[in-house]
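Try each task yourself before reading the solution under it.

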Amino acid sequence: MTGGGPHRGGGPAAPGGGAERVAPGRAPRTRGWSGTLRDYAVELRGSVRDGERGPLLVVAGLIVIWCLFQALDDKFLSPRNLSNLSVDIVGTGLVAVGIVFVLLIREIDLSVGSVSGLAGAVFAVLNVNEGMPEWLAVVVAIAAGMAVGAFHGFFFAWLGVPAFVVTLAGLLIWNGLTLYLLGASGTINIDEEGLVASLTSRHFSDDFAAYAVAALGTAGYFLAARRKRARHRAAGMPYRPPVEVWVRTGVLAVLAFTAAYTLNRFQGLPLALLIFLVVLVVSDYVLRRTRYGRRVYALGGGVEAARRAGISVMRVRVAMFMVSGTLAAIGGLFVASGLTSASPTTARAAGSGMLLINAIAAAVIGGTSLFGGRGSPWSVLLGVLVIQSVASGMGLLGVEDAVQFMITGGVLLAAVAADALSRRAAARRGRP
Amino acid sequence: MAHPPVLALRGISKRFGGVQALVDVDLQVRAGEVVALAGDNGAGKSTLIKVISGVSPADRGVIEWEGHLVQIKRPHDAHALGIATVYQDLAMCDNLDVVGNLFLGREIDRVGVLDEVEMERRARDLMRTLSIRIPDVRMPVAELSAGQRQAVAISRSLMGAPKVLLLDEPTAALGVEQTSHLLDLIEEVRDRGMAIILISHNMGDIKAVADRVAVLRLGRNNGLFDVSTVTQEQIISSVTGAADNAVAHRTKGDEEAWP
């Protein structure tokens, strides 16, 4: 063993997780409060100095944004607005999770906005115009997204066309197809009592639901951390001190129960938020804990290294675009659900790239790197909260679209610049 | 030395278009032995490594593995025999931690779910047995020094329990202290019974760890020396061609070395 007391090295196995990465030269964590706190302080200072943007910085930014808007309009932090916010983030958030998968292998999918619009139109046309059962229309719409992703993946991975060009062409093609599908009927209103509409309108009004989810999430985290610690200890390896597990669980519990309490002050736990959280948990698990996810990160870290390790680069690439297309389609259904319609106007808006920009911004702000191999689905939750908070706040204040565009674009640019800077800092640090 | 060589190449020739990269090259290496491969740029060292690792097979010539005739047509053939190669670029995933890189492509899992604890345990064991000093096996390799990265790359190549290890200029990017650590590691690996072929420009490294040094010049063998009896100047003159023929400097066990 390397040291005296048990200490845990580099956080959990997250290969690229921003803040979990080891700050260089930090002292090994030791047992006890003072030691842990001191080490955290050292780590935090290190991460700030090295230009590494941990989630902590994003959280700080989010708090500033919330305080600012609350000061300008005291309705901003009302349970009603926060509850709406928690539903509004889901469409963009799901699309952004798909973007994360593609960004991890160091590619980009510019078509997600159009694909989400296409999914909404496919559903509306099949269900409303053609009378197809709702569930089947949902399945077809999602399958269409998956097929579009496979199409992009084919051109990129097999034919070697740069992903940026393939999906840029896709942006136009699928937006055109959407307008074509809607062309005959114009705006299609979907059934307000139906399955898709309920995706965003349904709330679990029983207080118990939100608290149960909060308790389940906290307990799940705690048990997983405990089990991991026990296994490390059994294998005679360094492990997290128990204090750290308790502190992390405590912070999570406070956040989860505060959120649950706030949601219960309005209409209760939104179904949309629950689905979003499930998608985040599942995709994080797949990426971080499975052999398959490891391949995705490996591809982002070095294509040649992955290839020499026997990974089928082509297969992973196609799969990532299929994931991105699928999640874009699911996100599109949430967008259609929020509007309870699919219309040429919204399709044109989707083609203009607002959803695309927001999704990319959400992923990058949360800490997923445009340069591949770093990031996680959880980054989307923070990022999309920032993006949607700004949008919602500006909406409350009646800021006009033109200004909103400029601000959203500016936020994206700032996030990408921070990403590039942190990458440079890491490169400087890595090879002395 | 009664054992047959682990790997023996005879009469290897390789042509790229109009360029004859290798002409009738012989090379052999035994278990527990470090053979250095020296030569000027363009002498054919890298081509020979590619022949052995199956990246670009020879046009003519014979390869024997533990006394048996074998074919190495693809990298897979070389892996299957037990030949591991560490290229100069290392081919590591910078974003993954040391454990992730060591087990890349051969992860330990249960129904697809990674067994991180077991992988970390084995990684620590490996680092300890090889006396590799790394701050933390959970550190992304991007944050390691060049020497540490090289050490991780070498230990990764040992994961499949190979018998022959090809090292392409492992010390080229390293400082003095890192180089000495790496040479320790090479000796450690050799003492475990591995046969090592070490490509190097650095006479100091060759004198320090190699048992024999084979010199290539313009794609041909230009001498095989016993490191304990040869001087640096003799190797260099063989590399540069100042000494026309190196016959005079050949080892005493000549017949055995070049059957």
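Helices here are DSSP runs of at least four residues (H or I), and strands are runs of at least two (E), numbered from the N terminus. Keep in mind that this is a predicted model.

**Exercise 1.** Work out how many helices and strands chain B has, and decide why chain B can be called as compact as a globular protein of its length.

*Solution.* Start with the count: chain B has nine helices and 12 strands. For the outline, the C-alpha atoms fill a box of roughly 55 × 40 × 40 Å along the principal axes. Then look inside: 49% of the 259 residues of chain B count as buried. Finally, check the contacts between residues at least 6 apart in sequence: 66% of them join residues at least 24 apart.

**Exercise 2.** Find the strand order of the six-stranded open sheet in chain B, then say which strands stand at its edges.

*Solution.* Trace the sheet across and you get E6-E9-E10-E3-E11-E12, with mixed pairing. E6 and strand E12 (220-226) each have a single partner strand, so one side of each is left without a neighbour in the sheet, and these are the edges. From one strand to the next, the twist averages 20 degrees.

Now zoom in on one pair. Strand E3 (residues 34-39) and strand E11 (residues 212-217) of chain B run parallel and are joined by five bridges. One residue pair to look up is Ala36(B), whose bridge partner in E11(B) is Val213(B).

**Exercise 3.** Most residues other than glycine have a negative phi. Is Leu90(B), a residue with positive phi, buried or exposed? Then classify Arg106(A).

*Solution.* Leu90(B) has a phi of about 70 degrees and sits in the loop between strand E6 (83-86) and helix H3 (98-102) of chain B. The cut-off for buried is 20 or more other C-beta atoms within 10 Å; Leu90(B) has 22, so it counts as buried.

Over in chain A, Arg106(A) has a phi of about 65 degrees, in the loop between helix H3 (79-104) and helix H4 (112-129). With 18 other C-beta atoms within 10 Å, Arg106(A) is partly exposed.

Terms used: Residues are numbered from 1 along each chain as its sequence is written. Chains are lettered from A and ligands numbered from 1 in the order in which they are written. This is a predicted model: local features need pLDDT of at least 70, side-chain atom pairs count only at pLDDT 80 or more; totals for chains, interfaces and linings use all residues. The radius of gyration is taken over C-alpha atoms; the globule rule is 2.2 Å times the number of residues to the power 0.38. A residue is buried if 20 or more other C-beta atoms lie within 10 Å of its own, exposed if 12 or fewer, and partly exposed in between; C-beta atoms are placed from the backbone. Two residues are in contact if their C-beta atoms, placed from the backbone, lie within 7 Å. Two strands pair if DSSP finds at least two bridges between them. Axes are lines fitted to C-alpha atoms, for helices over the stretch in contact, and angles run from 0 to 180 degrees between N-to-C directions.
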